[in-house]
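Here are a few notes to read with the structure open beside you. Take them one at a time and find each spot as you go.

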Amino acid sequence: MGAQEPFDIVIVGSGAAGGMAAYDLCKAGFRVAVLEAGRDYDPGTETPMFISQQKAPLRGAATPDKNNGYYDATVDGGTTVPGEPYTTAADSEEFSWWRPRMLGGRTNHWGRVALRFGPYDFKPRSRDGLGFDWPMEYDDLAPWYDRVERLIGVTGRPEGIENTPDPPAGVMLPPPPPRAYEIVLTRAFEKLGMRVAAIRAAILTQPLNGRAACLYATACTQGCSSRSNFQSTTVLLPEAQGTGNLTIVCNAVVHEVEIDATGKATGVNFVDRHTGDQGKVNARCVILAAGAFSSARILLNSKSTLFPNGIGNSQGLVGKYIMDTVEFTVRGRIPLLERLPARNDDGIFTPHIYVPWWLYQEQRRGELDFPRGYHIEPRGGRRMPTMGIGGYLDAQDATYGHGLREQILQKYGSYISLSGEGEMIPNEKTFCELDADTKDKWGVPVLRFHWKWGEYEVNQWKHQQLIFGQVISSLGGTVTSGPAEMPIGGAAVHEVGGARMGMSDTDSVVDQFGQCWAVENLFVLDGATFVSSPDKNPTLTILAIASRGSARIAELAKRGEL
Amino acid sequence: MDRLPEEANATGQRIPFKALKTRDAITTAGYGTDPNVITPKTPWDPLLSRHQLKMVAALSDIVLPGTSEFAAPSKIGICNFFNEWLSAPYKTQQSDKDLIFQGLDLLDRESRRLYWVGFLWLGRKRKARVLDAVIAMSGDARKFFARFRYLLVGGYFTSDMGFAAIGYKGNVPLQSFAPVSADVQQIIDDELRQLGL
Ligand SMILES: Cc1cc2nc3c(=O)[nH]c(=O)nc-3n(C[C@H](O)[C@H](O)[C@H](O)COP(=O)(O)OP(=O)(O)OC[C@H]3O[C@@H](n4cnc5c(N)ncnc54)[C@H](O)[C@@H]3O)c2cc1C
Ligand code: SF4
């Protein structure tokens, strides 16, 4: 690497945020290095398309090695990463942290639901006095959403639903037609007063920018070798590499940002995950995009005389106000679906419809005991059988023989699930910090998590239970999932917060462009900067914010201000 | 039936029933956190004895018989599936192994009690009666049946043939995804009308 140094910019992490920044800044002519903790990964040759469960060990079922099943695209990670532990404080509620170790990060196996935040979502405190306002408005980010959607391709239809922005004409890809079960559910949703919207998914329903349209087969969470969904490794990094300006270094685990005596960042220090060798990459500007909590950890571990508690942490705000989503799923069986003839329900993997939050008026009138909403993602249909088929049978029912086959055939396709994705309000008791005792295999302090859902999240979760039960029973169905439990913190993998943006260095770690108040040539561009965690899944917003921040970096660099 | 029940297993070792727990300490590794997903391989050794494999085949065909169109489980490699599953080093599979090994043993014992010969020596009807007797027991015997059936239907319907048997029509490339056909829409409308929706 030596010859090219110092780079103009070094980016830590290659997922949504890192990939987006690399794309924009390489195209803008900067010489960029991306350091990725995981291994190189090539979706072109490594994606299992049109799989046979029969060929996979254990029919592809989830194991401690592959937590989301054998064919899931996650490499070297999941709820545990070998050699890279984290801890949960003794008095904390249960917490789980999903991390992969691969080029492209979680964009290789994410769920591809791509929702914009709405105008309310940036000003939550002004609306109900809880949490914090963002230092920007929806209108500030709207052009960046447009830009990102044009680049990656997102389905949708103009809906005109409150706090659920429609992009300008020509930006959205046509949504796929609803599946049979979705038509059925739509009637139940509407009966209960909800508005059903076409899904906003980062999946191509027509060719875009040289990428092929979806083949309507194979789960997106396995990746996509036809590049028909959004992955950093198919959409962003190859284009960035095409400029000749990008150097990617894999297996480089960054542990600190190095600061000189004047308080400027000079680059980052890393360890090679295989050899354990230490290395440094020098650059004029440093971008953290390692995933929200990982970026916070790097800030905390970047201790120096100037920053004895870590960079940007003079107010003790790094690691604070971390958030996830209240993601809760109810499963049910709807017998009328049994009577529909066999058909192909694979479609674009995600649901083809969803239900945006619909009770803003009621909340305004104080009729609900929680102030923030959730949206509903319904799943179901005659999808590829998994080992879960055995769950169709009640353990108390002793059926076997021909009756058993009949029962399976009859029930196949009659199950649906309703997932609520709800807003969590940041709170003082939910944060991460460095663990004084535990270190990773290279001796770097790890994160210790503290998790506590607030009363409003619990109330919202109860509402989800109630409503999902009503939806299912209105269709003559029954709930089949067991007793409801409050979701585990972090389990939705909508990891945000920990280095939030704000109006000044007293209330935040970075400004609205991700520029660190304490170190002007250091930027945080991933979900760490989120001020709130609306019900809308975070990734599209991470991309938009990373793109906006990158444009700011380009502008400052060109003005010689970095 | 060429062997009697208490025979040597595939590796030449006798598996004493009570000693099963100590075999939990199996050190075979799993497939790791970065397996080849294009040409999958199962790295662990299969543990089931020939007798156990025959028991699995016989019981599977009783629990989920084939039809004129779709073969019985034993004909589509269900034994390999069970052998792989029950030999896997992961916790779920290890506890399944204990339960299923003990259950297969129980079937044989119950068979001897009722008919004086091992399960494999029985005709179809008597096999079913032995199974009924096991199902009628409580505790682990009942758990064994439920778990065996769970694994069996999972293994069967996730096989390539099982996809066809259950009527799964996907996993094929399409140019576009078609809206539901008029006849499906008609049925949906009729059903919903009956529900007042
Ligand atoms: C199963 C699943 C489904 C999901 N579904 C959705 C969905 O439908 N919609 C949605 O909006 N979001 C979804 N998400 C969340 C989505 O994946 C994340 O929001 C998004 O990927 C975050 O982007 P990121 O760039 O911040 O982090 P990542 O994509 O995780 O990328 C961070 C990268 O940084 C690397 N890294 C970490 N630490 C270091 C270090 N110290 N040094 C160097 N590199 C480092 C990591 O290895 C990783 O490659 C889902 C996630 C999962 C797991
Ligand atoms: S559903 Fe479409 S986009 Fe997703 S993996 Fe399959 S072919 Fe690719």
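1. Start with the shell around ligand 1: strand 6 of chain A gives the largest share of it, 3 residues. Keep in mind that this is a predicted model.

2. Zoom out a bit, and you'll count 37 residues surrounding ligand 1. The closest are A:Glu36, A:Arg106, A:Gly111, A:Val113 and A:Thr539.

3. Now for some atom-to-atom distances. A nitrogen atom of ligand 1 sits 3.0 Å from a backbone N or O atom of A:Ala37. For A:Arg101, look at the side chain instead: one of its N or O atoms is 3.1 Å from an oxygen atom of ligand 1. With A:Gly105 you're back to the backbone, where an N or O atom lies 3.3 Å from an oxygen atom of ligand 1.

4. How much of ligand 1 does the protein bury? On its own, ligand 1 exposes 990 Å², and the protein buries 93% of that. The elements giving two or more residues to the shell are helix 1 (16–27), strand 6 (252–259), helix 7 (292–301) and helix 11 (539–558) of chain A.

5. Hop over to chain B and find helix 4, residues 124–136. Its 13 residues reach 18 Å from first C-alpha to last, close to the 18 Å expected at 1.5 Å a residue.

6. Which residues of helix 4 of chain B are buried? They are B:Lys127, B:Ala128, B:Val130, B:Leu131, B:Val134 and B:Ile135.

Note on methods: Residues numbered from 1 in each chain as written. Chains lettered and ligands numbered in written order. Predicted model: local features only at pLDDT ≥ 70, side-chain atom pairs only at ≥ 80, totals over all residues. Heavy atoms only, no water. Helix = DSSP H or I, 4+ residues; strand = E, 2+ residues; numbered from the N terminus. Expected span 1.5 Å × (residues − 1). Buried < 20%, exposed > 50% of the residue type's maximum accessible area, 1.4 Å probe, protein only. Near = heavy atom within 4 Å. Polar contact = N/O pair within 3.5 Å; in protein donor to acceptor, adjacent residues only side chain to side chain. Areas by Shrake-Rupley, 256 points an atom, 1.4 Å probe, with all protein chains shown as cover.
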